[in-house]
Every structure is written in structure tokens, then in C-alpha cells.
Amino acid sequence: MTTRTDHDSTYDGTYARTSWAYEAARPGRTTDARPDDKGVRPVRPTPHPVPHDTARTQPALLGPGDVLTRLRGHARGPVHIIDPFKVPQEEAVEKAKVLDDLGFPAIILASTDYESFETRMNPYIAAIKEVSSLPVLLHFPPRKGAGFPLARGADAVMLPALLGSRDDYYVWKSYLETVAALPARAELARWPELLLTVALTFGEDHKTGDLLGTVPVATAGTEQIDRHIAVTRSFGFHMVYLYSRYARVPAEVVRHFRDRLDPGQILFVSGNVRRRDHVDAYLEAGADYVGFAGALEHLDWRSTLTEMAGAAR
């Protein structure tokens, strides 16, 4: 087994604990199954998108559902991210109207911090859904003992597997806790679509690091990035979310991911995107969607939103 260096310490307590999973995570491997009693690992092809069944009668949990199918088929471009614990509900409603008119693919509600989640989010989502036909996606970190937060009316929940976290709860255990608790939290027909997402941070980010144990991805070489890509492909994640709180994700990193992800695996990039040329640069590098939030946190947000939409109009 390859000796792990300091920048590989983020794998402590995760899939590196078992040799079969660690080997599956190595670049170039297509094995994603446990060895049999003779020590032989069956080789399986890398997962590819499954054709969407438009007649499904219950929410998709691990397979592609309506939201994932929409994201895969929609024109690539910007996506607005609204922090419902910062942006007043009335303002979010006005933005939702314009986003729908401009032909955006979805609305993402996201925040690192949150309190009284359902009390705040249930009426917030309901108000947005009254004025917009766009699917509403939630993107919030899990909390131990509760899993990922859910709210009535959300069309989908992005479940981030923080592969760069030193705490295995935020890598994979939060998934199990969330799914195990779902039957008691909502009736089957009201379950949101679950979008399995690899989430990675770039640049210094003490806030996320202190809260979720994340370590920024090393970009001096590609070894660590290639391991993340191998995990993304081997375990069939729906999407990858690259984020930088105080800097910007390097375009060459985006290009590296796009060149190596499977068809149908969606690539999101976000963080300090404030102008249309920022969006265009990431799209040129291969991103499917470019998230922006703070660019609209001012009084003349309508002008900025129209400019950010660009070709999405």
C-alpha cells in the first residue's frame, strides 16, 4: 500500500481504513467491490448515468430523478445561491421571480451556519415556490445526531461528502444517519431527491475547517486531486462541488476534473464569482454550473443579475 504523506491525512478514518476501499480510491482503478474469499476483487465498469424513467412514482434516492435529469440536460451556466439565514424572505422571493424569467436551471439555498432550520426554511421555500417554477435545492452541512437538514417543499438536497475532512462523519457517516432517519421525518412521497455530491474546499478556510474538519485540497500537484476524482467515479457520485471561501478555485483544477469525470457527473464551481467574465472563465474550463451568491448582496442586484445571466437570458 502506498505510504500516505501529510497531505493525504484527510483519508484517516474514511475509506482508507479498509484496503479494498483504499485501492478503489487509487487513480486508474475500476474496482469498487470487496474481494471474495479468495482475495480476488471483481472488476466492475465505472458507473454511468441510468436512463431517466419519467413515470417514476416515488422520489429517487440514489438513482437519477427529475432534478438531476434537469441539471444534466440544461444549458451550462450560472446558478444563484441564496443564504436564507442572511437574505430576507421578501428579497429572496423577488430574486426567484427574476431567476425564473431569465431561464436559470435551479435555485440553491445554502449556508454554513443555521439555527431553527425548519422554522425558518419551511415558509421561506413555500414563498419561493409560489412565484417560481424552478427546482429548489438545499445545500447545508449535516450535524451529528441529526444528519442533513431537510425542509418541506425542497425539490432536492445536495448531500456533500467532504472528502477533505479529517472527521469521517462528514465524509460518509452523515449519509447513513440521514437516510436512516428519513422515514421518521417525512412520508415517502414527500422525500426530496438526494443528490450525492463530492464537496471539496480550496484555499484557506478556517471557518469550514473548524466546523467540519476540512483541509484545503493541495493544488501544487495532482496526486490528491486524482484520488478525489477516482473516488467520485468509483462510487458513482452525481456531482462534484468545488468551493473557495476567500479565493477562487484555479481554472486548471476545474479543467483537470472535467477531463477525468464520467459523462453525466456534474461539475459545480463556486466562491468569489462576482462578474460574468468569472462565470465564462469557469465554463470555458469545463464547469457545468458556476455558483454565485455575494455578487447580489447589494441594492442594485437586478442589474448585476441580468449581467451575470449573460447567455442564459
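Which strands and helices do the buried residues of H10 pack against? In this predicted model, they pack against strand E1 (77-82), helix H3 (89-101), helix H9 (276-285) and strand E8 (289-292). Helix H10 itself spans residues 301-309, and its buried residues are Trp 301, Thr 304, Leu 305, Met 308 and Ala 309. Viewed down the axis of H10, these buried residues fall within an arc of 135°, so they line one face of the helix. The spacing follows from helix geometry: an α-helix has 3.6 residues a turn, so residues three or four places apart point the same way. After H10 comes Gly 310, which has a positive phi, near 50°.

Helix H8 can be read in the same terms. Val 253, Val 254, His 256 and Phe 257 are the buried residues of H8. Their arc around the axis is only 160°, which puts them on the same side of H8. Glu 252 and Asp 259, on the other side of H8, are exposed. The buried residues of H8 pack against strand E5 (193-201), H7, strand E6 (239-243), strand E7 (266-270) and H9.

Two packed helices are described by the angle between their axes and the distance between the axes. For helix H7 (residues 223-234) and helix H8 (residues 251-260), the axes come within 10 Å and cross at roughly 35°. The crossing is right-handed. On the H7 side the contact is made by Ile 225, Asp 226, Ile 229 and Arg 233, which meet Val 253, His 256, Phe 257 and Arg 260 in H8. By class, the residues of this contact are four nonpolar, one polar and three charged.

In soluble globular proteins, nonpolar side chains tend to be buried together. Here the largest nonpolar core has 65 residues, and those touching the most other members are Leu 109, Leu 138, Leu 242, Val 254, Phe 257 and Leu 305. Helix H4 (residues 117-131) gives the most to this core, with five residues. A second, separate core has 17 residues, among them Leu 68, Leu 195, Ile 266 and Tyr 289.

Leu 242 shows what surrounds one member of the largest core. With neighbours within four places in sequence left aside, Leu 242 is in contact with Val 249, Val 253, Val 254 and Phe 257, among others. Its contacts also include Leu 200, Phe 202, Leu 267, Phe 268, Val 269 and Ser 270. Of these, Val 253, Val 254 and Phe 257 are among the buried residues of H8.

Key
Residues are numbered from 1 along each chain as its sequence is written. This is a predicted model: local features need pLDDT of at least 70, side-chain atom pairs count only at pLDDT 80 or more; totals for chains, interfaces and linings use all residues. Side-chain values use heavy atoms; hydrogens and water are left out. Axes are lines fitted to C-alpha atoms, for helices over the stretch in contact, and angles run from 0 to 180 degrees between N-to-C directions. Helices (H or I, at least four residues) and strands (E, at least two) are DSSP runs, numbered from the N terminus. A crossing is left-handed if the near helix is turned anticlockwise from the far one by less than a right angle, and right-handed if clockwise. Contact means heavy atoms within 4.5 Å. Ala, Val, Leu, Ile, Met, Phe, Trp, Tyr, Cys and Pro count as nonpolar, Asp, Glu, Lys and Arg as charged, and the others, Gly among them, as polar. A nonpolar core is a set of buried Ala, Val, Leu, Ile, Met, Phe, Trp, Tyr and Cys residues joined through side-chain atoms within 4.5 Å. Buried means under 20% relative accessible area, exposed over 50%, partly exposed in between (1.4 Å probe, protein chains only). The arc is that of the directions from the helix axis to the C-beta atoms.
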